[in-house]
Amino acid sequence: IGRPWISSVLKAAIDSSDDQLAMRWALPLVSFGETYTDFLVKKTADQRVSEQIGVLMQILLAMSRFPGYNGIDENISDQPLNFWYLLQEALVDFECEAGDDPEAAPMVAATKAAIKGIYLEVLRALVSKCAYPPTETWADADKDEREKFTSYRRDVGDALLNVYYVLRDDMLSLLVDEVASNIGAFSLANWQTIESVLFALKSIGEAVPESEAVHLQRLFSAELLSGHFMPVLQTTVDPSDRVSQWGLTSTKMSMLSLIGAYSEWWKGHPELLLLVVPCVTSSLNQPALVQTAVAAFRRICDSCRDQLTGASDSMVHLACQVLSAGAAVPAREQQRIFESVAEVVMAQTPDKQAAALAPLLSSLAGALGKGVQFLETAPLGISPADLEPYLEPLLGALRLVDSLARGLQFSDDIEERAQLGDQEATMSLTSAAQCYASSSEMNEFRELLLEVMSRLFSLPVWNRDPASNMAQIDDALLECLLDIVNSSTRRGPHVMDLRLDNVIGFIASAWSAVIACPVSNGSADAVAYGARWSDQCPAFIQSISQLVTVLATAPSGCWQPNRPSIESSDRMLGSVLTRFIDDIYMGISREAPLLATAIEQQPVITEYIFDLGTRVLQSRPALFACLERSAVGHLCEISVQALSVPNRLALRPTAYFLTALIRLSSSVGGRTDVSDLLAVLWAEFGPIWLRTTLAGIGGAHPRSLLPNLAELLFSMVKHHPASAKT
């Protein structure tokens with residue numbers, strides 16, 4: 001490798017940009033280096049072979065610097081990237097092997113110094129290579145070439161992490177010096193240089209320790225943030241000047257990504273947040289930057305929510321501005337902003353939460369009211385496609401309500417500690433419950449939300465065929481309303497927590513809207529009905545499952561004073577669950593002449609309903625006894641047929657459910673109603689379950705399903721040995 005002619009050949013290939021010749025040498029040389037990285041590290045400081053190793057390193061460096069732009073006019077510079085990663089890993093292993101041995105210390109120091117020298121050159125090469133090409137080159141590149149270059153930049157970003165692990169402060173110092181000395185002279189004529197340095201700093205953000213107090217202090221000084229970052233982010237150019245627009249947007253995106261990458265560092269420097277957050281939020285009105293700006297905003301909010309509590313009023317004001325901006329900020333980004341703002345508000349004490357949220361709740365209430373009014377103006381009999389413009393404002397407002405509800409949740413940790421009796425967590429939840437109940441703004445919003453949710457199902461716009469009185473509620477609207485219920489129904493208190501009877505009443509009304517279509521065999525209506533209920537069924541089951549989980553683990557208590565007793569909640573849930581099971585049974589039966597065939601055609605519904613059944617048995621077995629016998633019978637009939645279907649989605653949850661049901665028969669304690677019900681079910685369905693399970697194990701089902709059937713068979717034999725013998 002150290003022979004002069006090899007270097008000469010490669011130099012000639014590089015100077016002439018001969019890709020083919022360079023590639024013929026790159027593959028074996030890179031492969032050689034990757035194979036012997038341990039040897040290369042250990043012998044770097046060995047004078048006997050250090051010269052030859054140095055030649056190899058220079059060859060690989062030359063490949064990393066190969067002229068051109070990767071993916072566009074060359075494909076060589078990406079070849080050594082993995083080698084630089086493996087070399088850094090080998091250096092770490094070498095240091096670990098040496099440990100604290102004083103005799104090895106000089107060799108380790110010499111090796112690290114030699115490797116650092118190499119990686120300083122690697123750093124300069126990679127930063128140079130990840131710079132965007134000149135405008136003319138980029139404009140001439142096709143879509144595939146641009147995608148390859150973008151992919152190469154991502155790979156370089158990963159490689160820069162390994163470079164940082166070797167150079168540490170030296171790398172930070174070089175990059176920050178580059179930014180500090182050049183950002184003042186930034187212009188669209190030389191934007192590629194500064195953008196590539198910003199990209200490099202962003203790429204190593206996750207590895208830089210939060211305690212770094214020298215170089216990042218210079219990079220994110222008040223002078224640079226307010227005097228250079230903010231002016232660049234607020235700079236605009238003529239939209240018709242696509243050349244300048246591309247360079248400016250790329251630089252701004254790298255700046256915003258850089259700010260977001262160091263979100264954990266901002267936590268230790270709250271005095272700078274008042275400068276940083278405006279840098280990010282000032283870009284929300286620029287369509288090309290919205291997604292990057294929101295991502296940076298969310299990272300800062302997630303990491304610094306405690307430090308931002310003092311600015312919660314301005315954060316809420318930002319959310320109100322986003323709401324009033326409408327389509328200027330994409331709907332998905334609006335939702336992310338609302339969730340992040342809510343998480344910051346939740347870091348405050350409950351009494352301050354109510355005051356901070358008041359303007360936002362008022363704005364949302366206005367948006368909901370306007371959305372309903374606009375929907376009511378839609379002509380009767382309008383088609384689903386033509387209805388979308390009338391529905392979109394309301395749907396957008398409801399999705400923001402759901403995002404706000406997700407952000408206003410107490411953490412699972414606090415709720416679990418309160419369940420275990422932790423005094424601090426209990427006091428926190430109790431205080432929040434009292435504040436939420438006494439806040440007039442929150443009470444008014446909850447009442448308005450319930451009114452809107454209940455009113456929607458009676459709107460005449462859903463009767464698209466008045467002659468048949470057939471209601472067709474929009475699927476997206478139903479899913480959004482159920483999402484709000486799921487997000488606000490928690491073990492702990494919640495700003496939007498509705499009374500249980502109201503929640504169950506809403507779910508029942510929504511379900512009625514889904515299955516309200518008249519059905520006649522062989523008609524188009526029957527097909528439409530089947531598509532609607534099967535598509536919506538999982539969302540409804542998920543909402544019921546959420547209620548079961550919450551009420552099983554967090555019944556009425558000091559932080560849920562309005563929640564009914566366990567017995568009352570079981571009766572209410574049992575009633576709606578009975579209806580669900582009966583309707584699902586009839587719906588599946590309509591899909592095909594044979595129930596087993598219908599189950600095989602609709603395995604997802606079977607999966608969801610038996611997952612819910614298993615959760616009920618494991619967390620609230622008394623609720624199972626509150627089901628009407630017709631529903632229990634229908635559930636068992638479905639289970640018999642599902643066991644005979646060689647479909648994983650249908651059979652596995654069914655087997656889990658029956659296993660839990662049979663195990664429960666020996667552990668119900670003093671609940672005679674539950675034990676009596678289980679005895680009746682086993683007498684009627686036990687032999688059928690047993691025969692079907694044996695048939696599946698005997699060869700009716702594929703081998704991958706046998707473990708589930710074997711576990712079910714074991715449970716039946718263990719708990720009902722007499723029946724198993726016969």
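Predicted model: local features only at pLDDT ≥ 70, side-chain atom pairs only at ≥ 80, totals over all residues.
Aromatic rings are treated here as pairs. A pair of aromatic rings is described by the distance of the centres and the angle of the planes. Ring centres must lie within 6.5 Å for a pair to count. By this rule, the model holds 27 aromatic pairs.

One of these pairs joins F540 and F580. The two ring centres are 5.9 Å apart. The planes meet at 55°, so the F540–F580 pair is tilted. F540 belongs to helix α26, which covers residues 524-553. F580 belongs to helix α27, which covers residues 566-589.

A second example is formed by F624 and F657. Here the centres lie 6.4 Å apart. The planes of F624 and F657 are at 55°, so this pair is tilted. F624 sits in helix α30 (residues 621-625), and F657 in helix α32 (residues 648-664). The pair thus links distant parts of the chain, 33 residues apart. Burial means a relative accessible area under 20%. F624 has a value of 3%, so F624 is buried. F657 has a relative accessibility of 0%, so F657 also counts as buried.

Y69, Y132, W138, F149, Y152, W191 and W246 make up one aromatic cluster.

A ring can also face a charge. The charged end of R153 is placed over the ring of F199. The distance from this charged end to the centre of the F199 ring is 4.1 Å.

Definitions and conventions
Residues numbered from 1 in each chain as written. Heavy atoms only, no water. Phe/Tyr/Trp six-rings, centres within 6.5 Å; stacked < 30°, edge-to-face > 60°. Helix = DSSP H or I, 4+ residues; strand = E, 2+ residues; numbered from the N terminus. Buried < 20%, exposed > 50% of the residue type's maximum accessible area, 1.4 Å probe, protein only. Lys NZ or Arg CZ within 6 Å of the ring centre and 35° of its normal.
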